[in-house]
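Please keep the sequence and the model open while reading.

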Amino acid sequence: MSPPANETHQAVADVETRDMLLNVGPAHPAMHGIIRILAKLDGERIQDAEVEIGYLHRGFEKMAETVDYNGVMPYTDRLNYVSPLINNMGYCMAVEKLLGITVPERCQYVRVILSEISRICDHLTCVGASAMELGSFTVFLYMIKAREFLWELVEKVTGARMTVSYCRVGGVKADLPDDFAAPCKKAFAETRTVLAESDGLLTRNRIFVDRMSGTGVISAADAISYGITGPFLRGTGADYDVRKDCPYAVYDRLPFDVPVGTRGDNMDRYLVRMEEMEQSMRIVEAALRQIPPGPVQVHPETGRPIPAAEMVDLAKVGNIAAFRDDSAVTCPTLEGSGRASHPAIATDEKRVFLPPKEDTYGNIEGLMQQFKLVMFGHGVRPPKGEVYFPVEGANGELGFYVVSDGSGSPYRVRVRPPCFAIMSALSKLLTGDMIADMIPTFGSVNMIGGELDR
Amino acid sequence: MNPASLIESIQNRFPDAVSSFHTYRGDVTVILRRESLLEIARFLKEDPALAMNYLMDLTAVDYSAFGKRPAPAFFASSGVTVRPSPQIPDEEPWPGPPSDARFAVVYHFYSTAHKHRLRLVIPVDEAAAEVDSLTSLWPGANWLEREAWDMFGIGFRGHPDLKRILMYQEFEGHPLRKDYPVKKRQPLIGPTN
Amino acid sequence: MTHDGSFLTSRLEEAIGWARKYSIFQYPFVTACCGMEYMATACSHYDVDRFGAGLPRFSPRQADVLFVVGTISHKIAPVLRRIYDQMAEPKWVVAFGVCTCTGGFYDNYATVMGIDTILPVDVYIPGCPPRPEMVLDGLIKLQERIQHQQQTGQRPAPDPRPAVVES
């Protein structure tokens with residue numbers, strides 16, 4: 001015989017409950033890297049979440065103090081490793097601001113084009129990975145396929161797929177190859193197909209919408225108080241974008257829109273990122289139309305193109321008169337640039353950028369310039385000072401604060417990591433949601449360990 | 001707001017807090033005494049003309065080794081002046097480290113309404129390496145201050161939970177200080193090198 | 001593994017080796033930038049699934065190859081060792097990327113200079129990051145080791161106890 005109703009009620013109320021501590025440990029299946037979330041659960045609802053980071057701390061800021069200004073470039077690649085060109089560009093522009101130089105216009109266009117391609121790669125990876133965690137493995141494969149096309153494009157220009165080290169203080173390594181426009185168009189056509197397919201698979205998918213809408217909600221005011229920028233902030237409704245509000249390079253001449261969400265949940269962030277990819281492609285296409293022409297024939301009548309190896313052989317036997325007016329034919333991914341493209345991609349400030357090899361081998365001024373920049377104890381030496389330069393990274397405002405003491409190595413390089421601010425708000429985002437909502441929320445944060453922990 | 005009026009508004013309001021200021025390469029930098037940090041930060045956030053709603057960055061610099069490396073003054077002694085572009089103003093050279101104190105805590109602020117930036121620098125001695133925490137005004141300062149504590153050893157009064165964030169708890173020392181050798185390892189498991 | 005010369009036993013070992021090498025369940029311990037190239041290798045373009053290694057198992061108890069992908073800092077090193085210890089025999093370890101092989105260019109206070117200081121490693125895939133073709137080459141070399149039944153448990157592992165006395 002069952003006990004009377006009020007006695008059952010009393011029995012249930014007397015049962016002792018306790019919160020459960022769940023450790024989503026440093027090694028966990030999300031392809032995002034290693035962080036640790038200690039979630040205090042009441043049933044399935046997260047009461048409190050403590051986030052522990054630092055598992056990928058590699059000492060970027062300390063290493064930057066031990067190498068010279070151009071030597072920091074490979075370290076900056078590995079900060080936000082899914083969009084390395086944006087980091088390169090940010091650091092270079094910070095040092096150029098410290099030096100007080102500007103790079104030629106074509107170089108700025110090239111940097112912008114490659115930054116936007118990097119941004120597309122970053123958003124593809126982010127959306128693909130977070131879709132995969134919600135069960136949509138197909139979308140992940142499609143987006144990585146599109147990313148492969150873009151990486152092949154980047155490889156044509158820089159020589160490396162991912163960790164490119166393409167920018168230099170005062171310019172870039174080499175000009176765009178002559179046949180850049182056609183592969184770029186093809187890669188973008190593939191990307192647009194993939195985006196259309198993924199949109200069809202996800203945006204009105206019942207499961208995806210139910211899991212993403214209403215989870216991980218943050219208001220614009222809260223986001224600003226945590227220092228959040230980028231697509232995460234724009235999903236809440238505030239439209240701060242460094243490219244529009246504090247334009248740098250040639251962004252003020254390029255037409256693009258900044259997508260802004262309304263509700264500040266994961267669905268809005270996903271939509272913002274999808275639209276940003278389209279806008280980035282728009283920027284690149286506009287830049288390719290506006291870009292000033294590239295390499296020039298050094299001497300139209302007497303100069304002729306000469307293979308780089310032949311030029312070096314002539315120089316080493318001392319026959320520099322033989323190639324005085326010629327320009328070396330170089331592979332942009334390997335030897336860099338020759339004299340013909342040098343004025344387009346490098347500042348003419350001699351104390352900062354290496355001379356073209358025809359000058360290094362061909363005349364004494366070029367040789368001296370090369371020595372003064374390469375020999376130990378010399379190198380790029382900005383005046384004493386401190387600057388802060390923000391660029392729009394894929395996650396938000398990526399700022400470089402560089403302090404120089406006049407010597408060949410930076411005195412202090414500080415990276416203002418955009419996802420650090422977002423991760424500091426993560427415990428607030430997760431509190432109140434269910435365990436299963438941790439996955440889409442964490443996916444839309446786009447935590448990149450290299451940037452978070454440096 | 002242009003740089004001059006930014007500096008003026010702070011100086012008018014807090015005349016004895018500001019030690020010095022400069023604009024180098026277009027960045028407005030104000031050097032303050034540490035006691036007035038919290039009220040000036042509140043003023044920056046709440047004053048409608050300044051409206052600095054973003055604490056963009058909070059970091060520190062260890063000036064103990066400044067100028068000690070050989071630096072043949074390429075730009076100064078070569079006789080040729082640096083020619084900055086018209087967009088980057090360059091009226092006067094940088095005055096140097098903010099004071100004789102070892103550390104400087106550097107804050108970067110931004111206003112989305114007026115689109116201006118500001119840098120605040122607080123010189124901090126090694127002996128009394130502490131400043132007020134800004135977590136009451138910007139919750140984002142929480143982790144940034146933990147990182148400054150972890151990397152430099154600068155304490156923050158009023159911080160809810162000041163512990164290491166990037167290094168592990170058993171680590172001893174503060175890695176970004178100039179006297180911490182780059183390669184000095186303190187492994188938890190495995191050999192030391 | 002000693003070959004006692006019997007025809008049936010050696011055929012059986014070959015068959016087991018064949019089965020093991022074409023059904024690799026990897027545990028991808030992904031930390032850093034090499035993870036991007038790992039994803040590229042695992043996806044459609046370079047497709048590690050055609051080698052039988054396409055199913056990552058995200059629990060060490062269910063995996064047999066530990067792919068250590070990306071820089072290992074001193075903070076995560078005890079976790080990595082624990083993951084390795086949790087895997088059941090036979091198990092193999094692949095050091096993916098130069099940060100795991102020798103530490104890369106992060107020679108500083110935070111980084112382990114090569115995971116072979118804390119784990120026994122079977123295949124080293126250098127590169128920063130390695131191209132997917134290199135990864136597949138490393139995978140094939142690993143498969144040869146598996147075929148010949150050479151596994152990590154047979155070499156003496158380095159002493160994982162800390163070098164300094166904990167206070």
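Strand 2 (residues 36-42) of chain A and strand 3 of chain A run antiparallel and are joined by seven bridges. Strands here are DSSP runs of E with at least two residues, helices are DSSP runs of H or I with at least four residues, and both are numbered from the N terminus. Two strands count as paired if DSSP finds at least two bridges between them. The model is predicted: local features need pLDDT of at least 70, side-chain atom pairs count only at pLDDT 80 or more, and totals for chains, interfaces and linings use all residues. Residues are numbered from 1 along each chain as its sequence is written, while chains are lettered from A and ligands numbered from 1 in the order in which they are written.

Within that strand pair, Ala39(A) stands opposite Ala49(A) of strand 3. The pair belongs to an open sheet of three strands in chain A, with order 1-2-3 and antiparallel pairing. Strand 1 (20-24) and strand 3 (45-52) of chain A are the edge strands, each pairing on one side only. From one strand to the next, the twist averages 20°. Strands of a sheet pair through backbone hydrogen bonds, either parallel or antiparallel.

Next come the helices. Two packed helices are described by the angle between their axes and the distance between the axes. Axes are lines fitted to C-alpha atoms, for helices over the stretch in contact, and angles run from 0 to 180 degrees between N-to-C directions. In chain A, helix 4 (residues 84-99) packs on helix 5 (residues 105-133) at about 140°, with the axes 7 Å apart. The two helices of chain A are therefore oblique to each other; under 35 degrees counts as roughly parallel, over 145 as roughly antiparallel, 65 to 115 as roughly perpendicular and the rest as oblique. Residues of helix 4 of chain A in this contact include Leu85(A) and Met89(A), and those of helix 5 of chain A include Leu114(A) and Arg119(A). Contact means C-beta atoms, placed from the backbone, within 7 Å.

In chain C, helix 2 (residues 34-42) and helix 5 (residues 132-147) pack at about 75°, with their axes 9 Å apart. That makes helix 2 of chain C roughly perpendicular to helix 5 of chain C. Glu37(C), Ala40(C) and Thr41(C) of helix 2 meet Pro132(C), Val135(C) and Leu136(C) of helix 5.

Chain B has four helices and seven strands, in the sequence pattern α-β-β-α-β-α-β-β-β-α-β.

Key: Contact = placed C-beta atoms within 7 Å.
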